[in-house]
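Look at the sequence and the 3D structure below. The report after it goes through a few parts of the fold and the surroundings of the ligands.

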Amino acid sequence: MAVDLLLGLQWGDEGKGKIVDVFTSKYDIIARFQGGPNAGHTLVFNGQKHVLHTIPSGIFHDNTINIVGNGVVIDPVIFKKELEKLDAQKVPYQKSLVISRKAHIILPTHRLLDAASETSKGKAKIGSTLKGIGPTYMDKTGRNGIRVGDLELADWKLKYRALANKHEALIAFYNVDVQYNLDELEAEFFEAVKTLKSLQFIDSEEYIYQAQQQGKTILAEGAQGSLLDIDFGTYPFVTSSNTTAAGACTGLGIPPSAIGDVFGIFKAYTTRVGSGPFPTELFDEYGETMGRVGNEFGATTGRARRCGWLDLVALKYACQINGVTQLIMMKGDVLSGFDMLKVCTAYKYKGDTITHLPYNIEAENIKPIYSEFKGWQADLTGMSKGEELPQELNDYIAFLEQELNIPITIVSVGPDRKQTIVR
Ligand code: GDP
Ligand code: IMO
Ligand code: MG
């Protein structure tokens with residue numbers, strides 16, 4: 001069976017967690033392929049909200065295997081807290097949650113290094129979630145990292161000590177004020193490693209291969225969004241992994257030829273949390289309303305998300321890079337009551353009008369060119385069928401489908417599992 005992918009097309013927080021949860025009933029396996037606890041994936045059902053950081057969003061379904069893939073970086077301390085929340089809700093995960101031996105471990109000193117690096121950058125900081133993501137992927141590519149499989153080896157603590165010592169020297173090198181008590185952090189870390197080791201570690205690429213041979217259905221769950229991709233995002237204001245479709249190949253060991261559908265998910269407007277360029281960002285009442293009605297606060301850090309109009313130039317680029325086959329539009333309900341809507345269809349760039357994403361999209365280089373649409377007044381949150389959607393929203397959707405040349409097969413009209421319209 002082909003492996004389907006679900007990934008964010010903007011700067012993250014598109015609603016991936018919700019849709020993976022909705023889709024899980026159709027899949028035997030949900031597999032996270034990159035990122036780490038910088039992600040915050042929100043699921044809402046039975047009147048309850050759940051936020052997952054490292055654990056795949058299929059965990060609340062019985063009979064689904066959830067794989068944390070080799071491309072993911074795991075902080076045992078945060079992972080333990082996630083498990084404790086599942087325990088409190090009596091979610092059985094001992095058999096359904098498995099972890100790749102090749103996934104890398106975030107050490108306490110990786111988090112400290114993240115903080116030191118950000119502090120040293122001053123105003124130019126990335127706006128990182130400070131979860132140690134960048135330093136951990138640096139150790140991975142630098143061939144110094146500690147992997148989940150290492151935790152099964154007798155001498156892994158020696159390797160840990162050597163790496164932590166090196167990190168302490170690096171933190172000192174930054175010469176910035178980062179306060180910490182490593183003894184406390186390590187006590188918490190080693191305790192959490194014990195919990196992590198109570199789970200099943202697997203050779204996930206082999207597991208996924210065998211599952212495919214047996215005809216199992218697999219959905220790969222992305223974290224972050226395409227514009228945060230280390231290669232194709234708004235560098236350097238990006239995360240440290242490939243968030244795009246190619247990341248699923250390297251993050252799970254799936255050959256490109258095995259990929260089936262690529263579900264691309266986007267908000268009916270745009271948000272971004274952290275620093276970096278955002279051509280359609282709004283500083284007016286429209287942006288304020290998106291943030292307030294959309295409850296745009298980070299699921300991991302609680303920071304307010306910046307809001308703006310939908311950017312079709314960027315969205316087209318993301319569809320292209322990922323080979324999106326179906327689109328999923330989220331949070332249309334947030335725009336109910338807007339008298340008008342704008343969509344950026346081109347950029348004014350150094351005197352020219354362009355429709356592709358150029359190398360540099362800093363505000364001084366780019367002026368968005370907008371098409372205007374009539375807004376809709378109806379509350380969408382109680383709707384469950386495509387026929388109920390207001391004409392103005394259908395016009396908005398039809399325009400996007402025509403511009404992107406990809407069908408929008410799902411429209412989400414609220415955070416709950418049930419507030420999902422299949423077209
Ligand atoms: P993810 O990181 O892509 O999983 O997205 P987040 O969970 O970080 O952010 C999405 C937020 O929007 C969460 O608070 C969701 O509960 C909420 N949400 C998802 N879909 C919808 C929708 O269609 N309408 C509204 N109003 N909220 C939604
Ligand atoms: P989900 O999976 C939104 C952003 C951070 C920062 C930049 C680098 O919930 O969509 P990092 O911690 O990786 O060093 O931060 O990337 N960022 C996210 N923004 N959603 C996310 O994940 C994000 N993960 C990282 O805000 O700008
Ligand atoms: Mg999120």
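## A hairpin

Strand β3 (residues 41-45) pairs with strand β4 (residues 48-52) in the antiparallel sense over 5 bridges. Strands here are DSSP runs of E with at least two residues, helices are runs of H or I with at least four residues, and both are numbered from the N terminus. Two strands count as paired if DSSP finds at least two bridges between them. Histidine 41 has leucine 52 of β4 opposite it. Between β3 and β4, which form a hairpin, there are 2 residues, and asparagine 46 in the turn has a positive phi of about 50°.

The model is predicted: local features need pLDDT of at least 70, side-chain atom pairs count only at pLDDT 80 or more, and totals for chains, interfaces and linings use all residues. Residues are numbered from 1 along each chain as its sequence is written, chains are lettered from A and ligands numbered from 1 in the order in which they are written, and side-chain values use heavy atoms, with hydrogens and water left out.

## The open sheet

An open sheet is formed by 10 strands in the order β9-β7-β5-β2-β10-β1-β11-β15-β19-β20, with mixed pairing. β9 (200-202) and β20 (420-422) stand at the edges with a single partner strand each, so one side of each has no neighbour in the sheet. On average, neighbouring strands of this sheet are turned by 25° against each other, direction ignored. Axes are lines fitted to C-alpha atoms, for helices over the stretch in contact, and angles run from 0 to 180 degrees between N-to-C directions.

Within the sheet, β2 (residues 29-32) and β5 (residues 65-68) pair in the parallel sense over 4 bridges. Isoleucine 30 has asparagine 66 in β5 as its bridge partner. Helix α8 (residues 245-252) packs on the sheet and touches β1 (3-8), β2, β10 (218-225) and β11 (259-267); the direction of α8 makes about 125° with that of β1. Contact means heavy atoms within 4.5 Å.

## Helix α2

Helix α2 (residues 76-88) has 13 residues and reaches 18 Å from its first C-alpha to its last, close to the 18 Å expected at 1.5 Å a residue. The expected span is 1.5 Å times one less than the number of residues. Pro76, Val77, Ile78, Phe79, Glu82, Leu83 and Leu86 of α2 are buried (under 20% relative accessible area, with a 1.4 Å probe and protein chains only).

At the N-terminal end, aspartate 75 caps α2, with a side-chain oxygen 2.9 Å from the backbone nitrogen of valine 77. Just after α2, lysine 90 has a positive phi of about 55°.

## Around the ligands

Ligand 1 is surrounded by 19 residues, and the closest are Gly15, Lys16, Thr42, Asp333 and Ser412. A residue counts as near a molecule if one of its heavy atoms lies within 4 Å of it. A backbone N or O atom of lysine 16 is 2.7 Å from an oxygen atom of ligand 1. An N or O atom in the side chain of threonine 42 is 2.5 Å from an oxygen atom of ligand 1.

Ligand 2 is surrounded by 20 residues, and the closest are Asp13, Lys16, His41, Thr129 and Thr239. A polar side-chain atom of histidine 41 lies 2.7 Å from an oxygen atom of ligand 2. A polar backbone atom of aspartate 13 lies 2.7 Å from an oxygen atom of ligand 2.

Notes:
Buried means under 20% relative accessible area, exposed over 50%, partly exposed in between (1.4 Å probe, protein chains only). A polar contact is a pair of N or O atoms within 3.5 Å; within protein, one must be able to donate a hydrogen and the other to accept it, and residues adjacent in sequence count only if both atoms are side-chain atoms.
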